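I would like the criteria behind each term to be given along the way.

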Amino acid sequence: MTRDVLLQGINLTRRWGGLVAVNNVSISLKRGQVHAVIGTNGAGKSTLINLLSGEFPPSSGQVELLGQGVSHWAQSRRARAGLGRSYQRNTIFPSFTVLENCRLSAQAQHQQAWAFWRSAERDATTRSIALDVATRVGLGDSLDCQAGFLSHGQKRQLEIAMCLATAPQVLLLDEPLAGMGAEETERMLTLLQELKQDHAILLVEHDMDAVFRIADLITVMVNGLVIATGTPDEVRNNSDVRTAYLGDH
Amino acid sequence: MRHPTSFVLIFFGLLALWPVMSGSYGADLVAKIMIYALLALSLELLVGSTGLVCFGQAAFFGIGAYAAILLSPIDGSAPSLWLSLLSAIALASVYALAVGALSLRTQGVYFIMVTLAFSQMAYYVVHDTPLGGGTDGIYMYVKPTWGWVDLDKPAHMYGLIWLSLLMGFLFFSQLLRSPFGRALAGIRVNEQRMKATGFSVYPYKLAAFTLSGAMAGWAGYLFAIKDGFVNPELLSWHLSGAVLVMIILGGLGHMRGALLGAFAFALLQELFQSEAVFGNYAKHWHLSLGLAIMACVAFMPHGLVALPAQLRERLSGRKNHKASAAALEEQA
């Protein structure tokens, strides 16, 4: 069975002065797959996400989203076309309620900038999306809580909810499990399993147990280079990976 | 929402009754302050609601004011109120659109400097060219008319200014509740996230900038037809700075704050300029006004709007969650 390739990065390179943060990396994300990217700190994982999502442009290389070349598209346009991302550091709207964080994110796909006479809060479409995604990630009980007062784990859940609210086809998740307790991690992994059915997911994560449990494909990066790509078993048994990353000699 | 609604009713109710209670001096003063309040509202949309610190608001105000006079018919007949008001607003909006289109490509302190530079350019155009009558300014000989409205009567003028402020306030308040307004709030709190979510933030900011310029032009127009006189000082950075102080004094992030701040600023100025109160010292009113503003900012960091909440917090000795919303924004 061939799966649709939803997002593809081709020969992506990003230089910061003399430092090559991402060096000639190609990656393709398919619907129904969780593609994990692992590597030590500074390996270029977050930079790769930023290149794919359009936060900054690559020094060279191309990005294709749903079969279209999007290398010159602004980040906001890629987002509207179905590319959702979450951040490693929480980048929610702390002074807004949980519901409003999700609702505003949903609004990106339903922008009615000229309808100034309408109340955004009472907008049925975006409100129902917001309720749905907040419930899905497990924040159904904290809808009216100001996001800044949430616990760290809840903020990570909110990140995912905001990402889902934009109805993306591709999810780029930067360390969604960081700082989460065991219970929250379980819930998030279950959610990712669900989301995988109809999304292509790129997962950058340090929690190796979680990665090897959930990923269909794993790409290993070291110093901006991809040293291995394969199924969890292939990666586990790859000698380069064992030397460079898993600390085997 | 009950609390703000009752504020609006009381505030505008008092303003409507004021001329009956005060003499003509008092009514004239309040009319002038209401014009500044309208200008403060326009800046609040940028600074408090969108997070864009514009230091050139006086240019739009001045352009609206000069347009009121320069666009009067050459033959000396009275212009139509609506026509001249709309053209003044249109002119200020066009200038705001152009300034916004260029300045919004910069951020932070550069944005402040670029908006200041553009307003200084407008200032020197009216100051140093024959177009605006130079430093002397120009007089308006015939006030605009519309139907039975006679703007030479102070009561009619007062009514027009009151209505303008009410409409401006209601329009902006509704705007902030709309999807557009929520997007502006999102841009203020976390612009990067807004982009990642799929909002093209530039058109939003440009629309806000233009609307703000339009309302500043509206205020300037009222200023010109009220006194029948304009001069380059209306475009000077002193005014841009004073309006910034007004909205900070009132409390950023609230349309009500802009109203309160304009009144507080103007009344403080009036107080310190009064020889009846301060005698000879009144000529140093800049100093006393400055000290008073510093005290206000030090003791009411969230402005006059937050004063009731701040007092309640003091009295109960508990941290109020609402009051720390500003602290939350700093996390973003």
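Of the 332 residues in chain B, 45% count as buried, a label given to a residue when 20 or more other C-beta atoms lie within 10 Å of its own, with exposed meaning 12 or fewer, partly exposed the range in between, and the C-beta atoms placed from the backbone. This is a predicted model, in which local features need pLDDT of at least 70 and side-chain atom pairs count only at pLDDT 80 or more, while totals for chains, interfaces and linings use all residues. Residues are numbered from 1 along each chain as its sequence is written, and chains are lettered from A, with ligands numbered from 1, in the order in which they are written.

The secondary structure of chain B comes to 14 helices and four strands, where helices (H or I, at least four residues) and strands (E, at least two) are DSSP runs numbered from the N terminus. Chain B has a radius of gyration of 20 Å, close to the 20 Å that the globule rule gives for 332 residues, so it is as compact as a globular protein of that length; the radius is taken over C-alpha atoms, and the rule is 2.2 Å times the number of residues to the power 0.38. The C-alpha trace of chain B spans about 65 × 50 × 40 Å along its principal axes. Among the contacts in chain B with a separation of 6 or more, 75% come from residues 24 or more positions apart, a contact being two residues whose C-beta atoms, placed from the backbone, lie within 7 Å.

Chain A is assigned domain 1 (1-82 + 168-249) and domain 2 (92-167), with bounds that come from an automatic or database domain assignment.

Strand β1 (residues 5-16) and strand β4 (residues 60-65) of chain A pair in the antiparallel sense over five bridges, and A:G9 stands opposite A:V63 in β4(A). β4(A) and β5(A) pair in the antiparallel sense over two bridges, with A:L65 opposite A:Q68 in β5(A). These two strands, β4(A) and β5(A), form a hairpin with two residues between them, and A:L66 in the turn has a positive phi of about 50°.

Finally, A:T126 lies in helix α4 (residues 124-136) of chain A. A:T126 counts as buried because it has 26 C-beta neighbours inside 10 Å. Not counting residues up to four places away in sequence, A:T126 touches A:R103, A:A106, A:Q107 and A:H110.

Key
Pairing = 2+ DSSP bridges.
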